[in-house]
Amino acid sequence: MGSHFTQVDGGVRYGPTMKAVSIKAFGDPSGMAVIDAPDPSPGPGQVLVEVETIGVGGVDAVIRRGTLGGYGFTEGLIPGSEVAGRVIAVGDDTDAAWVGRRVWAFTGVGGAYAELAVARIADVTPLPDALSPTDAVTLGSAGPVAHFALAHARFSPGESLLIRGAAGSIGIMAVQLGGPGPIAVTTSSAERGKRLTELGATVVLDRDGTGTGEYDVILDIVGGPGLPAFVDRLADNGRLVSVGVVGGYPPADFGMAFLRSFQRSRSFATFSLNTVPEEARNQVREAQFEAPLKAVVHDVLPLAEAADAHRRMDAGEVFGRIVLTTGAN
Ligand SMILES: NC(=O)c1ccc[n+]([C@@H]2O[C@H](COP(=O)([O-])OP(=O)(O)OC[C@H]3O[C@@H](n4cnc5c(N)ncnc54)[C@H](OP(=O)(O)O)[C@@H]3O)[C@@H](O)[C@H]2O)c1
């Protein structure tokens with residue numbers, strides 16, 4: 001796709017338009033299109049990033065399908081929430097020393113599938129020299145989500161853990177953080193099970209969780225109609241934390257599974273990184289960038305092939321994360 005920047009008197013001029021990918025129509029990936037969008041400009045407290053890489057998250061597919069319309073997502077949006085690249089401008093009230101720095105940035109509920117992206121300075125983390133922009137967008141969001149979801153479940157090292165939907169970027173981080181006790185994973189193939197075992201899993205289950213065993217904590221990334229059956233896999237005082245809904249919402253009466261086993265003192269909670277204070281999130285991300293977890297990159301594609309990335313996610317082909325690149329560096 002290539003950069004549309006030009007050098008002017010030793011500085012950089014950008015605009016007036018950039019390449020981006022838009023969800024023109026909710027539904028299958030054919031509703032996604034490459035567009036020319038106006039260059040964004042950073043507001044107060046924001047930076048403008050010349051994007052090198054973009055992480056394609058499971059949530060992007062959930063938004064594209066239209067599942068989250070009730071949360072205010074509308075057709076025509078530029079999806080994506082995490083990028084890595086170089087800061088090329090800052091808004092008012094933002095330290096100009098950020099210009100030129102390589103960063104990871106969270107762009108909010110959209111705006112990342114683009115050559116330029118704006119982020120609040122509170123959502124920007126500097127990249128250590130040793131970390132590639134591809135690994136940064138594989139770790140930057142999923143690592144803190146896994147860390148704080150385990151904390152939300154009051155998970156203590158040594159407890160047993162089941163990760164439902166472990167083959168995605170969040171699950172792969174949780175597998176690496178979950179030891180030293182038993183770590184069970186659900187996945188759809190023996191080959192994926194082997195890869196998850198290499199990352200730290202000790203028990204591999206099919207998607208239905210077939211088999212015996214109860215767990216102190218279940219981290220659930222799937223939801224959907226299969227969720228109630230997993231309540232019976234919680235030990236006494238076990239905690240099930242819902243982190244994602246890649247399989248859709250569970251049945252409305254799934255709370256009955258807890259009430260039917262009242263004497264077991266099991267509990268359920270949702271978890272969103274949104275409720276973690278910014279400073280805590282940033283500290284954990286910085287620490288994870290310095291001593292990185294293993295970044296599992298499924299493939300790297302040009303930004304213009306974003307719809308293909310979504311097709312591959314929908315086909316269930318992706319283990320880890322697909323990363324898009326703009327060609328800038
Ligand atoms: N809580 C937060 O703060 C937060 C932050 C970001 C994202 N999210 C949420 O996290 C989710 C995305 O996470 P991710 O990118 O790690 O997931 P993902 O890659 O989209 O999916 C994880 C795995 O789940 C399995 N799976 C998919 N559909 C399934 C189904 N119908 N039934 C059973 N298993 C299924 C697949 O593995 P197998 O084929 O191997 O079974 C897949 O690799 C989204 O729901 C997003 O909204 C939450």
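Predicted model: local features only at pLDDT ≥ 70, side-chain atom pairs only at ≥ 80, totals over all residues.

Where the domains touch, 11 residues of domain 1 and 13 residues of domain 2 take part in the contact. On the side of domain 1 that touches domain 2, the residues divide by class into four nonpolar, five polar and two charged.

## The enclosed helix α3

Helix α3 spans residues 142-152, and because nine of its 11 residues are buried, α3 is largely enclosed by the rest of the structure. The buried residues of α3 are A142, G143, P144, V145, A146, H147, A149, L150 and H152.

The elements that cover these buried residues include the helices α2 (133-139), α4 (169-177) and α8 (278-290), together with the strands β13 (215-220), β14 (234-242) and β15 (267-270). Just after α3, R154 takes a positive phi of about 55°.

## The shell around the ligand

There are 28 residues around the ligand, and of these G58, G165, G168, G244 and G247 come nearest. By class, this shell holds 12 nonpolar, 14 polar and two charged residues.

Both domains contribute to the shell, since at least three residues are drawn from each of domain 1 and domain 2. Among the helices, α1 (58-64) and α4 each supply at least two residues of the shell.

Notes
Residues numbered from 1 in each chain as written. Contact = placed C-beta atoms within 7 Å. Nonpolar A, V, L, I, M, F, W, Y, C, P; charged D, E, K, R; others polar. Buried ≥ 20, exposed ≤ 12 C-beta atoms within 10 Å, placed from the backbone. Helix = DSSP H or I, 4+ residues; strand = E, 2+ residues; numbered from the N terminus. Near = placed C-beta within 6 Å. Domains from an automatic or database assignment.
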